[in-house]
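Thanks for coming, everyone. I'll take you through one model today, chain by chain.

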Amino acid sequence: MRTVYSCVVDTDPKYARQAVLWAASLLVHGEQEAESLVVHTIGETDPRLTDLLDSWGVEQVQVEPFDSRHPYSNKLVQFATPSLQQAQHVVLCDCDLAFAAPIAPWTKGDRIRARIVQRPWLPLTQWRSIFEAANIRFPRVRVRAGNGQPTLPSFCNGGLYVVPQRLFERVGSNWCQWDRWLLDHAELLGGPLAIFADQVSFTLACEAMGERIDYLPVELNYHSGTRAAAAAARDGRKGFVPRVLHYHSAVGPRGFLFQERIPSMNAATERVNQLIRSLNEIFPVPPSPSEPGADQLSPGEPPDMPGPAEPADLPSPADLMDAPKPAGSAVGAGSLDAGDD
Amino acid sequence: MGGKPPVSEARGTSVTQLGCGDDRQRGLDSIDHWVGEVELVRPPADIVVILAPPRSFTTVLSAMLGQHPQLYGLPETYFLTCDSVDEWAALYRGTNHTDGALRAIAQTIFGAQTTPTVNMARQWLQARSYLSTSEVLRLLARRVAPRILVEKTPAASERLEFMRRMLREFPQARFLHLTRHPSAQVLSRLERRLRAGRTDGPTSLAEAAERLGEDPAWLWFSTHRTILRFLEEVPDHQQLWARGEDVLRAPDRELGRIAEWLGIRTDEDAIEQMKHPERSVFARAGPRNALWGGDEKFYADPVLRSSSAEPPRLDVPVPWSSDGRRLSDGVRQLATAFGYE
């Protein structure tokens, strides 16, 4: 029995690149073996990605989108994969994660593990409406989100979940059921907040099952380039070292992760950027029409050096209201990364 | 030729020759008898280790064995000369002794030997610096399974503690004791030094020999003596002796014998594949950041050459001395025990 790490890659070239970093970082710094990794691909896959993952021995599974209405829900297709069903623990990942250290001490236990959201996003009144419509008892317990505001105890960041085998099938069926239900009742979330459907449906599933969450510390799903470090410091947790960087779009044009304004947080980023330096030769960053080409430097970005230490705060809900819908599936970091909290 | 060279006392210079022709045949018979007797209970090998001093055909033999469908030949990793990766890195950092290990990791973990994959291999190893070298070898073994690793690092044959570590860490290891005529081995070492073309290097065979000390054949003698001492502690069925010259001169017979001893395929196709060391992914120089890991002469022209296997006589003056010097009595006695004349 083993732990399996899994992610889903959509067709946008940037997700392929993210998946390469995800897999490489797990092999190198996550101390995983290729047999522990599964990459799910949707649509036409970049043959370079297929060849590279093949050469590393990483299992690839071609899947159909979960629901065309909500690309973020594509992570739910992973519950149908046999190698995940057989694993002792499954780590469901967004593909914009980079592992800077192993997380084996947290892939244990009988409960789901995830990190509480950084922001509550939904007001409690809206939560109550959703629960009433779903006919699920509204939880009385509140926990503090990363920013200190109250939220529901199973409203977690969608970037990384650890699911034990005991619950895998049950979580899968409940989560899928409630996700489809929520997509059918998108008005309950309303407008741009619909991008949270997978996270809200996860909350519904957990409450319906009566399952509690074992919270992962911030270092296991560390939003690089955000104020996550400040939030942890507020909780009295200083001097921690990020193990898993959830970088969203905090990436320079050459693929390097942005560094923090807090130097002590940067050791993990530097480790990952060192790996990115090698990956840039194997699987170059796809040029983006809205950014300088991969071979061009942005101002302040020296050659072969990590990107500028730009703050990359999550957008506020107001920002999201004006944000465009993602053009394609966005299981990895997309234009609406914040939808993943 | 049998599983052991016909030497009863290999320490000091009191080497006793038990015979060449008949006794070698008797040894072979005893191995055959053993194979037939315990075939059903013999556990599979967890690694095959070639024990020999340097310049003893280890690179070509490792490449040949590695072409067997059930084996995987590594370059020189130097892993088994150290307990931990930390120790290994401290000892060999900045030398080309790390090249073979990095090439092996790049190839097995990252699917290719290129400059970026070697860099990734280096990071992979750094992340595992707390592991023992045996654990790293086991990780590589799992990656190439069901093929069995063939490890050859002549430096690991020089000390009893290194070889004892091999047996302790790999209790089912198979040890292939490889010999080469002492004059040919010394000559090969000297020619290598001449070929190196260093500005401070020797300019003649005699000078190169002088730099090796009073007896240039000492390394040959002491290494084989140490190997024989170690093999006294190894169960008979886990050891086999082969003369490199015989392997090159009669590959079908000798490779078949080795395959039979290992309990792996002995069919014509398997033997034929082993006769193509040039097909090994390690049969040539590596990328610029990990060039070596074996015999550079073999890398330059990695084909099976029987002509290079003609051994000189033991009783003629050594070619690196102009004063008619011969091999020492101890060396000649031990070489005679190995069947050299």
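Start with chain A. Residues 24 or more positions apart account for 76% of its contacts with a separation of 6 or more. By contact I mean two residues whose C-beta atoms, placed from the backbone, lie within 7 Å.

Some ground rules. This is a predicted model: local features need pLDDT of at least 70, side-chain atom pairs count only at pLDDT 80 or more, and totals for chains, interfaces and linings use all residues. Residues are numbered from 1 along each chain as its sequence is written, while chains are lettered from A and ligands numbered from 1 in the order in which they are written.

Chain A has nine helices and 12 strands. Those are DSSP runs, numbered from the N terminus: helices are H or I with at least four residues, strands are E with at least two. Of the 341 residues in chain A, 52% are buried. Buried means 20 or more other C-beta atoms within 10 Å of the residue's own; exposed means 12 or fewer; partly exposed is in between; C-beta atoms are again placed from the backbone.

Now helix H5 of chain A, residues 165-184.

Next, a helix pair. The axes of H1(A) and H2(A) come within 10 Å and cross at roughly 10 degrees. Axes here are lines fitted to C-alpha atoms, for helices over the stretch in contact, with angles from 0 to 180 degrees between N-to-C directions. H1(A) and H2(A) are therefore roughly parallel. The cut-offs: under 35 degrees is roughly parallel, over 145 roughly antiparallel, 65 to 115 roughly perpendicular, and the rest oblique. H1(A) brings Ala16(A), Ala19(A), Val20(A), Ala23(A) and Leu27(A) to the contact; H2(A) brings Leu49(A), Leu52(A), Leu53(A) and Trp56(A). That makes nine nonpolar, no polar and no charged. Nonpolar covers Ala, Val, Leu, Ile, Met, Phe, Trp, Tyr, Cys and Pro; charged covers Asp, Glu, Lys and Arg; the others, Gly among them, are polar.

On to the meeting of the chains. The contact takes 13 residues from chain A and 13 residues from chain B. On the chain A side, helices H1 (13-28), H2 (47-56) and H8 (266-282) each give two or more residues. H8(A) gives the most, with five. That side divides into six nonpolar, four polar and three charged.

Last, chain B. Here there are 15 helices and five strands. Buried residues make up 49% of its 341 residues.

Two residues to look at. Arg143(B) lies in helix H6 (residues 133-144) of chain B. Buried or exposed? Arg143(B) is buried, because 20 other C-beta atoms lie within 10 Å. Beyond four places in sequence, Arg143(B) touches Thr108(B) and Ile109(B). Pro251(B), in helix H12 (residues 251-262) of chain B, is partly exposed, with 19 other C-beta atoms within 10 Å. Leaving aside neighbours within four places, Pro251(B) contacts Lys275(B) and Leu304(B).

Technical notes
The expected span of a helix is 1.5 Å times one less than its number of residues.
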